[in-house]
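Please keep the sequence and the coordinates at hand.

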Amino acid sequence: MKKFALALFASLLTATATSEQINVFAASSMTNVLQQLGEKYQQQYPEDQVQFSFASSSVLAKQIEQDAPADLFISADQKWADYVAEKQPQKIQQIRPLVKNDLVLIAPNDSDLRPQPIEQIDFKQILQNDYLSVGDPDHVPVGIYAKKALTSFNRWEQIEPRLASAKNVRDALSFVERGESPLGIVYSTDANISTKVKIIATFPQVSYGEVVYPLVQLSDKAAAKRFADYLVSEQAKPIFEQAGFRF
């Protein structure tokens, strides 16, 4: 009995010694799916503790520049992943593409608008004295993509004065959910999690490039690599797909 107690105590000490916290900084649009994946991961690796910080990619990148303790960074565009690599090159362990997304135009569920091609939408008539909700096009990835897309349709100059610039894509979604904006531009995955908005149009990918989420590993912790590997594994793929992300 004494030997068993000693063995149990030793195993508990080992588990405690190998327990690691994984700090994941991720774009707001990844909130729901990463929380789900984090729960499933910890069922397999209970010794690892996954902690998430969600915000705009630009905000997180600036925090990492100032030595915020991020082990993994998932950006909603390549620009801010490259920014981190430039500002903190000594921390970069690996950068891998994770998933892709689509850019959509949304309206409140009670709107009279029906799905239609982007080129047929009369933004001026719909907005009138209201504003289009979107992430800040100066630094928030969804806003940067939106500016490219609207520019490609020769609508940017018309719409720019009527923008309600949000600090991240989830805030842009919230403005439309609350009826404060008659239109918004978000990712398809954000629109799909809401019961208060509907998709009016999907922007052609050629109009804005491609929404790619790079996975940046900033730590040599074994647990950080383990979780990064899990995110790009076949186990995680169907969960990303169920959330609407593409590969």
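Beyond its neighbours within four places in sequence, M30 is in contact (heavy atoms within 4.5 Å) with F54, I74, L98, V99, Y213, F240 and F245. The model is predicted: local features need pLDDT of at least 70, side-chain atom pairs count only at pLDDT 80 or more, and totals for chains, interfaces and linings use all residues. Residues are numbered from 1 along each chain as its sequence is written, and side-chain values use heavy atoms, with hydrogens and water left out.

**Residue M30**
- M30 sits in the loop between strand 1 and helix 2 (31-44); helices (H or I, at least four residues) and strands (E, at least two) are DSSP runs numbered from the N terminus.
- M30 counts as buried because its relative accessibility is 0%, where buried means under 20% relative accessible area with a 1.4 Å probe, protein chains only.
- Between the C-alpha atoms of M30 and A76, which are 46 residues apart along the chain, the separation is 8.6 Å.

- An open sheet of mixed pairing is formed by five strands in the order 2-1-3-10-4; two strands pair if DSSP finds at least two bridges between them.
- Strand 2 (48-55) and strand 4 (94-101) are the edge strands, each pairing on one side only.
- Strand 3 (residues 72-74) and strand 10 (residues 211-217) run antiparallel and are joined by three bridges.
- F73 stands opposite V216 in strand 10.

**Helices across the sheet**
- Helix 3 (residues 57-65) lies across strand 1 (20-27), strand 2 and strand 3, at about 135° to strand 1; axes are lines fitted to C-alpha atoms, for helices over the stretch in contact, and angles run from 0 to 180 degrees between N-to-C directions.
- Helix 10 (residues 222-231) lies across strand 1, strand 2, strand 3, strand 4 and strand 10, at about 45° to strand 1.

Terms used. Buried < 20%, exposed > 50% of the residue type's maximum accessible area, 1.4 Å probe, protein only.
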